[in-house]
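Here is a short report on one protein model. Look at the rings, the core and a sheet in turn.

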Amino acid sequence: MKIKKFSCAILALILLFSTSVVAQFSVNSVEISEQDSSVSGELKYTVLSDGTAKIISYYTTATSYSVPETINDHVVSAIGDDAFWGCSRLQSVTIPENVKSIGSSAFEGCTKLAEINVTDSLTEIGERAFYNT
């Protein structure tokens with residue numbers, strides 16, 4: 001009986017410790033990404049290790065939008081996950097040739113989006129990037 005109680009106590013401590021480590025890791029990850037992001041007008045972006053920019057958030061009520069080629073002297077190379085999510089009035093978007101990737105759900109929920117202008121240089125489109133458009 002004592003072995004059973006001891007085993008239960010050890011398992012409880014392991015679960016308690018592993019939960020606090022995971023929670024601490026998650027909080028630190030969020031803090032790091034927030035520290036690394038910048039804002040330019042209505043765009044929120046992050047500078048990647050190669051010096052290029054990735055758009056991570058943008059909301060517009062405009063019907064047409066052209067992704068900028070640069071943001072604060074950083075070439076825009078990517079549109080991140082959920083970046084334009086829910087821009088329900090957006091009907092047309094132009095993506096310049098320096099953008100190589102579009103993240104998952106980047107334009108999801110842009111229900112009026114009917115025209116997407118991209119070039120051949122686009123090499124990656126994430127899952128559900130244009131879902132429900």
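## An aromatic cluster

Tyr58, Tyr65, Phe84, Phe107 and Phe130 come together as one aromatic cluster. Keep in mind that this is a predicted model. Five aromatic pairs are counted. One of them joins Tyr58 and Phe84. A pair of aromatic rings is described by the distance of the centres and the angle of the planes. For Tyr58 and Phe84, the centres are 5.3 Å apart and the planes make an angle of 55°. That pair is classed as tilted.

Where do the two partners sit in the chain? Tyr58 belongs to strand S3 (residues 53-58). Phe84 is in the loop between strand S6 (74-79) and S7. The two parts are 26 residues apart in sequence, so the pair ties them together.

Are Tyr58 and Phe84 buried or exposed? Buried means under 20% relative accessible area. The table gives the values.

| Residue | Relative accessibility | Class |
|---|---|---|
| Tyr58 | Tyr58: 8% | Tyr58: buried |
| Phe84 | Phe84: 0% | Phe84: buried |

## The nonpolar core

In soluble globular proteins, nonpolar side chains tend to be buried together. In this model, the largest nonpolar core has 24 residues. Which of them touch the most other members? They are Val67, Ile79, Phe84 and Phe107. Strand S2 (43-47), S3 and S6 each give the core at least two residues. S3 has the largest share, with three residues.

Phe107 is also a member of the aromatic cluster. Set aside its neighbours within four places in sequence, and Phe107 still has a list of contacts. Among them are Ile79, Phe84, Leu90, Val93 and Ile95. The list also includes Leu113, Phe130 and Tyr131.

The charged end of Arg128 sits over the Tyr131 ring, 4.0 Å from the ring centre.

## A sheet of three strands

Three strands make an open sheet, in the order S4-S7-S9. Their pairing is parallel. Which strands stand at the edges? They are S4 (64-66) and S9 (115-117). Each has a single partner strand, so one side of each is left without a neighbour in the sheet. On average, neighbouring strands of this sheet are turned by 5° against each other, direction ignored.

Strand S7 covers residues 92-94. S7 and S9 pair in the parallel sense over three bridges. Here Val93 stands opposite Ile116 in S9. Val93 is also one of the residues in contact with Phe107.

Methods: Residues numbered from 1 in each chain as written. Predicted model: local features only at pLDDT ≥ 70, side-chain atom pairs only at ≥ 80, totals over all residues. Heavy atoms only, no water. Pairing = 2+ DSSP bridges. Helix = DSSP H or I, 4+ residues; strand = E, 2+ residues; numbered from the N terminus. Axes fitted to C-alpha atoms, helices over the stretch in contact; angles between N-to-C directions. Phe/Tyr/Trp six-rings, centres within 6.5 Å; stacked < 30°, edge-to-face > 60°. Buried < 20%, exposed > 50% of the residue type's maximum accessible area, 1.4 Å probe, protein only. Lys NZ or Arg CZ within 6 Å of the ring centre and 35° of its normal. Core = buried A, V, L, I, M, F, W, Y, C linked by side-chain atoms within 4.5 Å. Contact = heavy atoms within 4.5 Å.
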